[in-house]
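Dear colleague,

Please find below the structure that I promised to hand over to you. My notes on what was found in it follow directly after it.

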2 protein chains.
Amino acid sequence: MTIGVLGGGQLGRMLAMAGQTLDQRFVFLDPSPDATARHVGNLSVGAYDDEEHLSELARKSDVVTYEFENVPVTSARFLNELVHVYPPPRALEVSQDRVVEKEFFARLGIPTPAFAAVSTRAELEAAVARLGLPAVLKTRRFGYDGKGQCVLHTNDDASHAWDAIGSVALILEAFSPFEREMSILSVRGTTGETRFWPLVENEHRGGILRRSLPQSNAWTPKLQALAEAHAARVLEELDYVGVLAIELFVKNGEILVNEMAPRVHNSGHWTIEGSETSQFENHVRALLGLPLGSTRMIDHVGMLNVIGRMPLHADVLAVDGAHLHVYGKEAARGRKIGHVTVRAKTREDLAQKLETLVPIVDESLAARD
Amino acid sequence: MTIGVLGGGQLGRMLAMAGQTLDQRFVFLDPSPDATARHVGNLSVGAYDDEEHLSELARKSDVVTYEFENVPVTSARFLNELVHVYPPPRALEVSQDRVVEKEFFARLGIPTPAFAAVSTRAELEAAVARLGLPAVLKTRRFGYDGKGQCVLHTNDDASHAWDAIGSVALILEAFSPFEREMSILSVRGTTGETRFWPLVENEHRGGILRRSLPQSNAWTPKLQALAEAHAARVLEELDYVGVLAIELFVKNGEILVNEMAPRVHNSGHWTIEGSETSQFENHVRALLGLPLGSTRMIDHVGMLNVIGRMPLHADVLAVDGAHLHVYGKEAARGRKIGHVTVRAKTREDLAQKLETLVPIVDESLAARD
């Protein structure tokens, strides 16, 4: 079978690497001729809204997926007329607009931070008055890695932020003084079968994911059950097929859902070595209508992103249990160019290995900090 | 970096899949345009002794390895003048001739079954008289998967076997009434660093590997130490770089070494899911001069070869913890076209899963049995 993928970044690349084991072929559509997935499949270079390229992708593919959630919904719907597109284009549509997304969660009874759509200066002032400060002003669409958002502490901040980004549709969100950022990765098959990986605790810096720890100290069975219930509602409502990531804020054992990504997700990279079945393999299985694999955790694992600069391979690999994933992208300030997953027999051993690895990998962050 | 590989079968394919994680490129030389590694790297179609193709491979590669031990030694040596070839061509030379190989083991003090070189009918008669019956008559060169060998029970058998295969150089080996067939997988880096995986118990049928169980019930620390000592001597003597597999007969806690394969090996496929570092990743690390990874076992694992016919993917994957590897080769009687590794939290759970999987996978053997 041939799987078509909108987007040819590292997510598509790792998807193809998982699919190769089952002898699947991959074709990618990406506007960049340097898209890193070109090394593991066929790359068509073209715009995501070019109907000729989309038709060609559909012709070559038995099923189509996407690895980038800012693909135009119209393109996904266009493709869906020609070939199955998973996850369903509706998931893309919901996730692309923060207001639509939060209204969707609210309708399903899933708690989110308080929010207000903002399209004029007056609406911003009203929203600030209603939600209080601090609050976070974000673009409704096309934000990623902390881009297009700022925290407002004062009315002056609000005014300046409006001047800076007020030209596009915005959302104001009550600032959640959360204790932890977590994410729940889930997957649903064509038969409706669902699986959930253990909750992951995530650490961001400058808006970019830096570390993920599945089933960390903050994990409780109650939190897991709560997160799974939320994810299950979303999967069901969207008649979802594939991997879904939902980002959460956690405080006092309560969960507020922040946003979702209808695709494989950076906070699930640990699953390659750390779970019986990786998010990539289960996404492929879902696309092909195959039974989903177990999501149990294998030993103890942690994941560190490599951002901006690649450490010496030998320094990373000298740590027993460390696995270096190199994306084959040119290094650039703030760019994710790889990740390291470390696996250990005990929690204590994992902590020690992470302590060794963090300075080796974080050196790659030096340029940014 | 680009890694050149002589041979483009499933071993080369899985080598490339492991190397992709470190963003390595692969070029393969194989006489067949259908060589399955073509899906994960660039394939040059050409004979292994075609100097033009070999030169081209050397030009394109930073280092060269092989995944097939019947590559001509002269080709490996030719390449070695142009680029590093690992494992060293001498390892290839030793492993290609059963007499040279057993003399090599003997010189290192490594016990093997008694043997005699046989090149005339008179020599065969003398060898039978000396070693006794039953004994195994094999071609000295180019045997694999039980091809080119037969067990002799009577003098008549010997005479018939001579008529059948006496046209090439032969070896007669004393028949070892072993209790177990095992193999030890090891790896040595460019700095001399070595690692050993746990001993694997192997079950053959019709001369073809059917199942591998690492650290099975028959495993003891003493056997492991003995096997590692033998492997270490071979690695050291050959100034070896890369993965080496050694097949052993075990009886009463004693080991007789049968043969070696200077490459990644079918009995090491379980390491992809079942070891901290797979044989493929460690072979790549060795080629690149990187630190070797831990060879510890992850949970409990077993490996079943898929031979002749592919089971329904869904049947295999419905077993939690089962991982199906499809080689992308055309199915044919007696041909290895994939394997299944199953991983489980406990030994009991593994046994149960294997019991479920064996009939699913073995159906693929039906045509042969």
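**The surroundings of B:Asn282**

Apart from its neighbours within four places in sequence, B:Asn282 is in contact with B:Val187, B:Trp197, B:Thr277, B:Leu292, B:Gly293 and B:Thr295. Please bear in mind throughout that this is a predicted model. B:Asn282 belongs to helix 10 of chain B, which covers residues 279-287. Its relative accessible area is 0%, and because a residue counts as buried under 20%, B:Asn282 is a buried residue.

**How the two chains are related**

In general, two copies of a chain are related by a rotation about an axis and a shift along it. Here, chain B is superposed on chain A by a rotation of 180° with 0.0 Å of shift along the axis, and the RMSD is 0.0 Å. This is the relation of a two-fold axis. Of the interface residues of chain B, 100% are also interface residues in chain A, so the copies meet through the same surface.

**Salt bridges**

Side chains of opposite charge can pair when their charged atoms come close. How many salt bridges does a search of the whole structure find over all chains? The search finds 52.

One of these pairs is formed by A:Arg13 and B:Asp23, whose closest N and O atoms are 2.8 Å apart. This pair crosses between chains: A:Arg13 is in helix 1 (residues 10-20) of chain A, whereas B:Asp23 is in the loop between helix 1 (10-20) and strand 2 (25-30) of chain B. Are these two residues buried or exposed? A:Arg13 counts as buried at 2% relative accessibility, and B:Asp23, with a relative accessible area of 15%, is buried as well.

A salt bridge within chain B joins the side chains of B:Arg188 and B:Glu236, with 3.8 Å from N to O. The pair links distant parts of the chain, as B:Arg188 is in strand 9 (residues 180-188) and B:Glu236 is in helix 8, 48 residues apart. B:Arg188 is buried, with a relative accessible area of 6%, while B:Glu236 counts as exposed at 52% relative accessibility.

The side chains of B:Asp362 and B:Arg210 also meet in a salt bridge, at 2.0 Å from N to O. In chain A, a network of salt bridges links A:Glu203, A:Arg205, A:Arg210, A:Arg211 and A:Asp362.

Of the 7 residues of strand 12 of chain B, 5 are buried, so the strand is largely enclosed by the rest of the structure. Strand 12 runs antiparallel to strand 11 (residues 200-205) of chain B, and 6 bridges join the two. Within this pairing, B:His204 stands opposite B:Leu209. Strands 11 and 12 of chain B form a hairpin with 2 residues between them, and B:Gly206 in the turn has a positive phi of about 55°. Strand 12 also pairs in the antiparallel sense with strand 15 (residues 300-307) of chain B, over 2 bridges. There, B:Arg211 stands opposite B:Leu304.

The loop between strand 12 (208-214) and helix 8 (221-237) of chain B holds B:Asn217, which counts as exposed at 70% relative accessibility. The side chains of B:Asn217 and B:Arg347 are joined by a polar contact of 2.8 Å. These two residues are 130 apart along the chain, and their C-alpha atoms are separated by 9.7 Å.

**Helix 6 of chain A**

Which residues of helix 6 (residues 121-131) of chain A are buried? They are A:Leu124, A:Ala127, A:Val128 and A:Leu131. An α-helix has 3.6 residues a turn, so residues three or four places apart point the same way. On the other side of helix 6 of chain A, A:Ala122, A:Glu125, A:Ala129 and A:Arg130 are exposed.

The buried residues of helix 6 pack against strand 5 (115-118), strand 6 (135-139), strand 7 (149-152), helix 7 (155-165) and strand 8 (170-174) of chain A. Just after helix 6 of chain A, A:Gly132 takes a positive phi of about 80°.

With kind regards

Key: Residues numbered from 1 in each chain as written. Chains lettered and ligands numbered in written order. Heavy atoms only, no water. Helix = DSSP H or I, 4+ residues; strand = E, 2+ residues; numbered from the N terminus. Buried < 20%, exposed > 50% of the residue type's maximum accessible area, 1.4 Å probe, protein only. Polar contact = N/O pair within 3.5 Å; in protein donor to acceptor, adjacent residues only side chain to side chain. Least-squares fit on C-alpha atoms with pLDDT ≥ 70 in both. Contact = heavy atoms within 4.5 Å. Salt bridge = Lys/Arg side-chain N within 4 Å of Asp/Glu carboxyl O. Pairing = 2+ DSSP bridges.
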